[in-house]
Amino acid sequence: MTINEAQDEVIEEFSDFTDWMDKYQLLIDLGNELQPLDAKYKTEDNLIDGCQSRVWLQADMRDGLLYFTAESDALIVKGIISLLIRVLSGHTPQEIAGADLYFIERIGLREHLSPTRANGLLAMLKQMKLYAEAYKIKNE
């Protein structure tokens, strides 16, 4: 599945709900489905700067594809990072680095987050793209 196909799937999933309380519940449910991050990755190096809650993000390269795992101590933030992982994980660093993540706007996520959570979303996205850029350079 391409990044855009994954984004379209997320948009469709969120379009089933008109009430933002239901969308928040979907985010919480998605976060609860996220596999726990191995304790060895819960380090200061993997903490994302710019998030009010604690978010750990790990990136691993396998067979030319970048895979992300993450965890957060906040339910909605855990749901947000699970969406980003769902869309970006399992793609090449080049695809991730160049991805236009339009689903965030289309589902109305950014406008329905508090300013601190919106900043956290941008910080998570930035960190994922930085990992992609680093792996892209490393493998050139």
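Mentor: Two axes count as roughly parallel when the angle between them is under 35 degrees. This cut-off will be applied to a predicted model.

Trainee: Why are H3 and H6 called roughly parallel to each other?

Mentor: The axes of H3 and H6 cross at roughly 30° and come within 11 Å. That angle is set against the limit of under 35 degrees, and H3 and H6 are therefore roughly parallel. H3 passes H6 in a right-handed crossing.

Trainee: Which residues make the contact between H3 and H6?

Mentor: On the side of H3, the contact is formed by Ile76, Val77, Ile80, Ile81, Leu84, Ile85 and Leu88. H6 contributes Arg117, Leu121, Met124, Leu125 and Met128. By class, the residues of this contact divide into 11 nonpolar, no polar and one charged.

Trainee: What places Leu84 among the residues that touch the most other members of the largest nonpolar core?

Mentor: That core has 49 residues, and Leu84 is listed with Phe68, Leu88, Leu101 and Phe103 as touching the most other members. Helices H1, H2, H3, H4, H5 and H6, together with strands E1 and E2, each supply at least two residues of the core. Leaving out residues up to four places away in sequence, Leu84 touches Ser89, Leu101, Phe103, Ile104, Leu121, Met124, Leu125 and Met128.

Trainee: Ser82 is also in helix H3. Why is Ser82 counted as buried?

Mentor: Ser82 has a relative accessibility of 9%, and buried means under 20%. Ser82 therefore counts as buried. Beyond its neighbours within four places in sequence, Ser82 is in contact with Leu30, Gly31 and Leu34.

Trainee: What makes Asp63 count as exposed?

Mentor: Asp63 has 81% relative accessibility, and exposed means over 50%. Asp63 therefore counts as exposed. Asp63 lies in the loop between E1 and E2.

Trainee: What is the phi of Asp63?

Mentor: Phi of Asp63 is near 55°, which is a positive value in a residue other than glycine.

Definitions and conventions. Residues are numbered from 1 along each chain as its sequence is written. This is a predicted model: local features need pLDDT of at least 70, side-chain atom pairs count only at pLDDT 80 or more; totals for chains, interfaces and linings use all residues. Side-chain values use heavy atoms; hydrogens and water are left out. Helices (H or I, at least four residues) and strands (E, at least two) are DSSP runs, numbered from the N terminus. Buried means under 20% relative accessible area, exposed over 50%, partly exposed in between (1.4 Å probe, protein chains only). Contact means heavy atoms within 4.5 Å. A nonpolar core is a set of buried Ala, Val, Leu, Ile, Met, Phe, Trp, Tyr and Cys residues joined through side-chain atoms within 4.5 Å. Axes are lines fitted to C-alpha atoms, for helices over the stretch in contact, and angles run from 0 to 180 degrees between N-to-C directions. Angles under 35 degrees count as roughly parallel, over 145 as roughly antiparallel, 65 to 115 as roughly perpendicular and the rest as oblique. A crossing is left-handed if the near helix is turned anticlockwise from the far one by less than a right angle, and right-handed if clockwise. Ala, Val, Leu, Ile, Met, Phe, Trp, Tyr, Cys and Pro count as nonpolar, Asp, Glu, Lys and Arg as charged, and the others, Gly among them, as polar.
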